[in-house]
Amino acid sequence: MKTTVTAVRARQIWDSRGRPTVEAEVTLAGGAYGRAHAPAGASRGAHEAWELRDGGPRFGGLGVDGAVAAVNGEIAARLAGLDATDQAGIDAAMTELDGTANLSRLGANAIVAVSLAVLDAAAAGSGLARWAYLAAGRKVRMPLPEIQIFGGGAHAGRRTDVQDFMIMAPRAGSIREAFEIAADVFRAAGTLMADTGRLAGAADEGGWWPMFASNEEALDTLVQSIERSGHRPGEDVFISLDVAANELHAEGRYRLGLDDADFGREGMVERVADWVRRYPILSIEDPVSQDDLQGFRLATEAFAATTQLIGDDILVTDAARVRRAAAAGAGNAVLVKVNQAGTVSRAKAALDAARSLSWGAIVSARSGETEDVSIAHLAVGWDAGQIKVGSFARSERMAKWNELLRIEEAMGADAVYAGPSAFAPSVAETLR
Ligand code: PGA
Ligand code: ZN
């Protein structure tokens with residue numbers, strides 16, 4: 001068969017932070033070829049699939065020789081002869097071969113790179129772009145992007161407590177128009193920082209370095225940036241925050257160092273709810289820590305009827321966790337990071353769980369990225385409705401945004417921007 005896997009290979013490459021990561025290549029009998037890279041997080045959830053690093057003194061312990069060897073040895077041997085169009089079968093073969101629940105033996109970084117490369121090769125073998133191969137003839141929407149303007153938290157030496165200060169343009173007419181708005185706001189924010197003597201470079205995902213004296217000053221500056229760009233906060237441009245509160249949590253307390261404030265669960269939820277009341281915020285991610293399901297439930301009661309509430313570190317792209325959270329009345333959207341799940345199939349299962357609950361789903365990059373554009377195709381082909389890639393600068397981010405422009409153009413008259421339909425129903429209603 002033309003789509004039979006004939007070769008799987010890996011090598012070490014370098015990511016956007018100058019750290020080693022895994023590149024996998026897959027070749028099929030008919031000559032089709034696929035390639036993909038493992039991304040890497042900085043603010044990682046404890047329940048994520050395991051990224052295998054070599055340890056030791058070399059590259060600060062971040063080497064991936066073990067993961068590369070796992071691909072070139074056991075994984076290559078196991079996948080040879082399998083059909084690349086059977087993604088579920090290939091992913092199951094790798095997870096069974098690994099034998100651990102969190103893929104720690106062979107490494108989720110090894111497995112995810114191969115899983116994504118198999119998808120790339122299978123699409124190539126079918127003569128289709130990955131998004132079209134995944135859509136398989138179904139109508140799919142262009143995703144609504146969350147675009148970072150200021151980076152903070154673990155991505156900026158903890159200069160602010162909140163990790164991502166982002167914007168969303170749900171009322172744009174197309175993703176192309178959403179990017180034009182983001183470009184305006186990103187530029188205006190940079191000018192504003194320069195004019196006020198606060199321009200100090202960029203954070204991990206390319207957003208402006210957050211030279212702020214409080215988390216609210218960051219929010220105020222974001223609102224001013226939207227205004228200075230000629231757009232209207234709360235009308236055409238909204239704020240989206242990833243609090244990444246895991247990083248603020250220790251021994252049952254939350255600490256906002258920049259605000260010199262210390263909270264229990266209720267206090268933390270109330271602080272975020274207060275921001276939601278006072279700023280044009282449409283989406284909040286991880287307002288409490290990865291094991292604080294009760295805090296997520298409180299946040300849901302406080303503001304999720306009208307605001308998107310995304311679980312990242314608490315859900316770790318796991319279908320069972322999505323269902324459990326929904327049953328507990330916690331959250332209304334899931335962040336989908338393929339490397340958190342470990343395989344394309346597991347990530348898709350988390351997305352399907354969200355969809356069956358009428359939750360939102362956001363396909364997301366990691367803070368450590370490469371030029372790989374797989375997630376642009378997943379977001380479109382899976383009809384996820386939303387995508388989060390980082391800022392509007394630096395090529396590991398722009399590669400994904402630019403790929404989405406190509407996809408939108410390829411769709412031609414069929415291209416539909418998800419807009420408000422990307423959100424859980426009660427949130428979408430606030431935009432109508
Ligand atoms: P990470 O951050 O890739 O560093 O985990 C991204 C996020 O928290 O959404
Ligand atoms: Zn997050």
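Colleague: Why does the second largest cavity lie between domain 1 (5–127) and domain 2 (144–430)?

Modeller: Because both domains give residues to its lining. The domain bounds come from an automatic or database domain assignment. Before we go on: this is a predicted model, where local features need pLDDT of at least 70, side-chain atom pairs count only at pLDDT 80 or more, and totals for chains, interfaces and linings use all residues. Residues are numbered from 1 along each chain as its sequence is written, chains are lettered from A and ligands numbered from 1 in the order in which they are written, and side-chain values use heavy atoms, with hydrogens and water left out.

Colleague: What counts as a cavity, and how many are there of 30 Å³ or more?

Modeller: On a 1 Å grid over the protein atoms alone, a cavity is a set of points where a 1.4 Å probe fits but cannot get out; lining residues have an atom within 4 Å of a point. Points are joined across faces, edges and corners, and the volume is the space filled by probe spheres set on them. Here the search turns up five of 30 Å³ or more.

Colleague: Which residues lie nearest the centre of the largest cavity?

Modeller: His37, Pro39, Leu116, Glu369 and Ile375, out of 14 lining residues. Domain 1 and domain 2 each supply at least three residues of that lining.

Colleague: Is Glu369 buried or exposed?

Modeller: Buried means under 20% relative accessible area, exposed over 50%, and partly exposed in between (1.4 Å probe, protein chains only). Glu369 has 5% relative accessibility, so it counts as buried. Its side chain also makes a polar contact with the side chain of Lys400 at 2.8 Å. That term means a pair of N or O atoms within 3.5 Å; within protein, one must be able to donate a hydrogen and the other to accept it, and residues adjacent in sequence count only if both atoms are side-chain atoms.

Colleague: And which residues coordinate the zinc ion (ligand 2)?

Modeller: Donors are N, O and S atoms within 2.8 Å of the metal (3.2 Å for Na, K and Ca); water is not among the atoms, so sites may look incomplete. Here they come from Asp242 (OD), Glu285 (OE) and Asp312 (OD), at 2.0 to 2.2 Å. Along the sequence, the spacing reads D-x42-E-x26-D. Both Glu285 and Asp312 are buried.

Note on methods
1 Å grid on protein atoms, 1.4 Å probe; cavity = no way out; pocket = protein on both sides within 12 Å on 5 of 7 lines; lining within 4 Å.
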